[in-house]
Amino acid sequence: MQVAARRALKAFQLLSERGCTLGQLVVSRSNHRLLATSSGGLFHKSACIDPTVRIETGAIVHPDSVLDADVHVGSGTIVGPSVSIGKSTKVGYNVVLSNCTVGLFCVVHSGVCIGQDGFGFLVDEQGHVEKKPQVLHVRIGDHVEIGANTCIDRGSWRDTVIGDHTKIDNLVQIGHNVVIGKCCMLCGQVGIAGSVTMGDYVTLGGRVAVRDHVSIASKVRLAANSSVTKDIVESGDYGGFPAVPIHEWRRQSAKLRRFLSVQIGLRSASSLKFG
């Protein structure tokens, strides 16, 4: 990213020195060629960009990227290699996209990072921590909205997938190899570990945690602060740590409150008796 920023700065300097207008060809170091849009953004000559695309000042589109009609790329955003963005998608400020495809009519809010390496490591025979290869992609469906500062890691053994019409709140972490169905709702600060599979119409309340390699059936709703530690195979409402059917969780909570009330009462009585 630092190299890209230096190239962008050099391109603008060359424009100023030569008195060129935006939209003219700019030649930077290493014979890489950049084009400057009328709105001030930069894109590589090998990128496939529809004439209706708007790339704001400070945004950079790398080689071999594809931007469809009416895409809007906000200031400071980096569209890296191997990125495809579908028609009428809006990308906010300071977004980083790499190794991903984004569908039609999506909204990607500011600060989102998509397509970076997932968190995968192993300990070798010498006791060293080695990185597992993370070489696949992220596939975002159509009409998806992704909240600010959310991170979606690319896959290692299968692509990370976000289904059509899924809505993701701010500050959500989605690990590598996760597959999320269509029309799901993920509230703020949800954390989904690697290789989770979720069905359609799943709703995760705020700060829900899902452990790795579990499956969640379609039409499951999880209460805020719940933690999923094993597969959920039936639709319905769940809550608690570990997550259990919501009625069972409520009974557990009520029994715990009664137990604590009894304990407090016994301590109070003991204090009065021996006081």
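Predicted model: local features only at pLDDT ≥ 70, side-chain atom pairs only at ≥ 80, totals over all residues.
Colleague: Which strands are the edge strands of the open sheet of 9 strands?

Modeller: Strands are DSSP runs of E with at least two residues, numbered from the N terminus, and two of them pair if DSSP finds at least two bridges between them. The open sheet has the order β4-β7-β10-β13-β18-β21-β24-β27-β30, with parallel pairing. Two of its strands pair on one side only, and these edge strands are β4 (48-49) and β30 (215-216).

Colleague: Which residue in β13 is the bridge partner of Ile85?

Modeller: Strand β10 (residues 83-85) pairs in the parallel sense with strand β13 (residues 100-102) over 3 bridges. In β13, the partner of Ile85 is Val102.

Colleague: Which residue in β34 stands opposite Tyr238?

Modeller: Strand β33 (residues 236-239) runs parallel to strand β31 (residues 220-222), joined by 3 bridges, and there Tyr238 stands opposite Leu222. β33 also pairs with strand β34 (residues 244-245) in the antiparallel sense over 2 bridges. β33 and β34 form a hairpin with 4 residues between them, where Gly240 in the turn has a positive phi of about 95 degrees. In β34, the residue opposite Tyr238 is Pro245.

Colleague: How many residues does the largest nonpolar core have?

Modeller: A nonpolar core is a set of buried Ala, Val, Leu, Ile, Met, Phe, Trp, Tyr and Cys residues joined through side-chain atoms within 4.5 Å; buried means under 20% relative accessible area, exposed over 50% and partly exposed in between (1.4 Å probe, protein chains only). Ile174, Leu186, Ile192, Met198, Leu204 and Leu222 have the most contacts inside the largest core, whose residues number 51. To this core, at least two residues each are supplied by β10, β13, β18 (138-140) and β31.

Colleague: Is Val129 buried or exposed?

Modeller: Val129 lies in strand β17 (residues 129-131). Its relative accessibility is 58%, so Val129 counts as exposed.

Colleague: How many residues apart in sequence are the parts that Asp117 and Arg154 tie together?

Modeller: A salt bridge is a side-chain nitrogen of Lys or Arg within 4 Å of a carboxyl oxygen of Asp or Glu, and the side chains of Asp117 and Arg154 meet in one at 3.1 Å, N to O. Asp117 lies in the loop between β15 (113-116) and β16 (121-123), and Arg154 in the loop between β20 (151-153) and β21 (160-162), so the parts tied together are 37 residues apart.

Colleague: Is Arg154 buried or exposed?

Modeller: Arg154 is linked with Asp117 and Lys131 in a network of salt bridges. Asp117 is partly exposed, with a relative accessible area of 34%. At 14% relative accessibility, Arg154 counts as buried.

Colleague: Where does Arg139 lie?

Modeller: Arg139 forms a salt bridge with Asp159, with the closest N and O atoms 3.3 Å apart. Asp159 lies in the loop between β20 and β21, and the pair ties together parts that are 20 residues apart in sequence, because Arg139 lies in strand β18.

Notes:
Residues numbered from 1 in each chain as written. Heavy atoms only, no water.
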